[in-house]
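Here is a short tour of one protein model.

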Amino acid sequence: LKSNPSNNEEKEAQTQLTKSDELQRLHSQALSAYQQEDYEAAISLLDEILAVCVWDAELRELRAECYIKEGEPSKAISDLKAAAKLKNDNTEAFYKISRIYYQLGDHELSLSEVRECLKLDQDHKQCFSLYKQVKKLNKQIESAEEFIREGRYEDAISKYESVMKTEPEVPIYSTRAKERICHCLSKNQQATEAIKLCTEVLQLEPTNVNALKDRAEAYLLEDMYEE
């Protein structure tokens with residue numbers, strides 16, 4: 001305004017100033033909503049601010065935290081990926097993305113994101129600890145699947161039992177392991193055990209197509225055609 005004191009410039013400056021005051025007010029409200037654990041309200045306020053301040057990495061990280069609390073991990077990932085690009089050496093964002101993928105059962109994507117964190121800081125304690133865990137789990141699942149492709153079903157079962165021991169805390173890995181063990185038992189003509197294990201999986205996931213198919217195969221072995 002000092003460099004170009006015309007009426008138009010003044011109007012533009014006043015408009016921008018009013019807008020920035022409004023955004024600061026929304027920002028305070030968003031932080032307050034977040035602290036009061038009203039994550040839905042915080043998201044709605046942050047949406048308004050980010051529509052203007054598109055490149056603000058910290059606001060995106062805050063909205064990602066709200067999405068995590070609201071049980072919307074895929075939206076959190078999208079904000080964290082933007083934050084990882086917007087802020088240099090953002091190890092924290094890569095760590096969080098990796099953890100979300102891990103909790104969702106996507107161990108391969110989790111591994112690739114945690115590697116990005118370690119590229120930025122090889123001494124990052126949290127990332128290194130997560131990396132060791134995901135790498136071990138990933139290796140076990142890969143070798144179990146290799147055994148299945150080779151028809152070595154006993155070996156695959158034993159490897160998937162190791163998967164359940166490696167990660168007892170995140171239920172999706174146990175469910176997937178049981179689903180694959182049921183598949184191996186069915187292929188190995190161990191019908192009774194296959195039916196029992198597939199039923200366990202189907203109690204947790206009634207529409208699990210693989211478990212339904214494998215249990216059907218096991219029922220056929222037992223001549224239980226109606227089932």
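Does Glu37 count as buried or exposed? At 58% relative accessibility, Glu37 counts as exposed, because the cut-off for that class is over 50%. The model is a predicted one.

**Two residues with positive phi**

Glu37 sits in the loop between helix H1 (7–35) and helix H2 (39–52). Its phi is positive, at about 65°, although Glu37 is not a glycine. Most residues other than glycine have a negative phi.

Asp223 also has a positive phi and is not a glycine; its value is near 60°. This residue lies in the segment after helix H11 (209–221). Asp223 is exposed, with a relative accessible area of 51%.

**The nonpolar core**

The largest nonpolar core holds 62 residues, and Leu46 and Tyr160 touch the most other members. Helix H7 (residues 125–149) gives the most to this core, with nine residues. In soluble globular proteins, nonpolar side chains tend to be buried together.

What does Tyr160 contact, leaving aside its neighbours within four places in sequence? The partners are Ile141, Ala144, Glu145, Ile148, Ala177, Arg180 and Ile181.

**Helix H4**

Helix H4 covers residues 73–86, which makes 14 residues. From first C-alpha to last, H4 reaches 20 Å, close to the 20 Å expected at 1.5 Å a residue. Its buried residues are Ala76, Ile77, Asp79, Leu80, Ala83 and Ala84. An α-helix has 3.6 residues a turn, so residues three or four places apart point the same way. Helix H3 (57–69) and helix H5 (91–103) are included in what covers the buried residues of H4.

Take Ala76, a residue of helix H4. Its relative accessible area is 0%, so Ala76 is buried. Arg180 is 104 residues from Ala76 along the chain, and the two C-alpha atoms are separated by 30 Å.

**Helix H10**

Helix H10 (residues 191–204) has 14 residues, which should span 20 Å at 1.5 Å a residue. Its end C-alpha atoms are 20 Å apart, which agrees. Buried in H10 are Ala191, Ala194, Ile195, Leu197, Cys198, Val201 and Leu202. These buried residues pack against helix H9 (171–187) and H11.

With a relative accessible area of 33%, Leu109 is partly exposed. The C-alpha atoms of Leu109 and Ser98 are separated by 7.2 Å, with the two residues eleven apart along the chain.

Ser110 is found in helix H6 too. Is Ser110 buried or exposed? Its relative accessible area is 0%, so Ser110 is buried. Leaving aside neighbours within four places in sequence, Ser110 is in contact with Ser98, Tyr101, Tyr102 and Val134.

| Helix pair | Axes come within | Crossing angle |
|---|---|---|
| H1 and H3 | 11 Å | roughly 30° |
| H6 and H7 | 9 Å | roughly 145° |

Begin with H1 and H3. H1 passes H3 in a left-handed crossing. From H1, His27, Leu31 and Tyr34 take part; they meet Leu59, Leu62, Glu65 and Cys66 in H3. By class, this contact has five nonpolar, one polar and one charged residues.

Now H6 and H7. H6 passes H7 in a left-handed crossing. On the H6 side stand His107, Glu108, Ser110, Leu111, Val114, Arg115, Cys117 and Leu118. They meet Cys127, Phe128, Leu130, Tyr131, Val134, Lys135, Asn138 and Ile141 in H7. By class, the contact of H6 with H7 has ten nonpolar, three polar and three charged residues.

Some names return. Ser110 and Val134, which are in contact, both take part where H6 meets H7. Ile141 of H7 is in that meeting too, and Ile141 is also one of the contacts of Tyr160.

Key: Residues are numbered from 1 along each chain as its sequence is written. This is a predicted model: local features need pLDDT of at least 70, side-chain atom pairs count only at pLDDT 80 or more; totals for chains, interfaces and linings use all residues. Side-chain values use heavy atoms; hydrogens and water are left out. A nonpolar core is a set of buried Ala, Val, Leu, Ile, Met, Phe, Trp, Tyr and Cys residues joined through side-chain atoms within 4.5 Å. Buried means under 20% relative accessible area, exposed over 50%, partly exposed in between (1.4 Å probe, protein chains only). Helices (H or I, at least four residues) and strands (E, at least two) are DSSP runs, numbered from the N terminus. Contact means heavy atoms within 4.5 Å. The expected span of a helix is 1.5 Å times one less than its number of residues. Axes are lines fitted to C-alpha atoms, for helices over the stretch in contact, and angles run from 0 to 180 degrees between N-to-C directions. A crossing is left-handed if the near helix is turned anticlockwise from the far one by less than a right angle, and right-handed if clockwise. Ala, Val, Leu, Ile, Met, Phe, Trp, Tyr, Cys and Pro count as nonpolar, Asp, Glu, Lys and Arg as charged, and the others, Gly among them, as polar.
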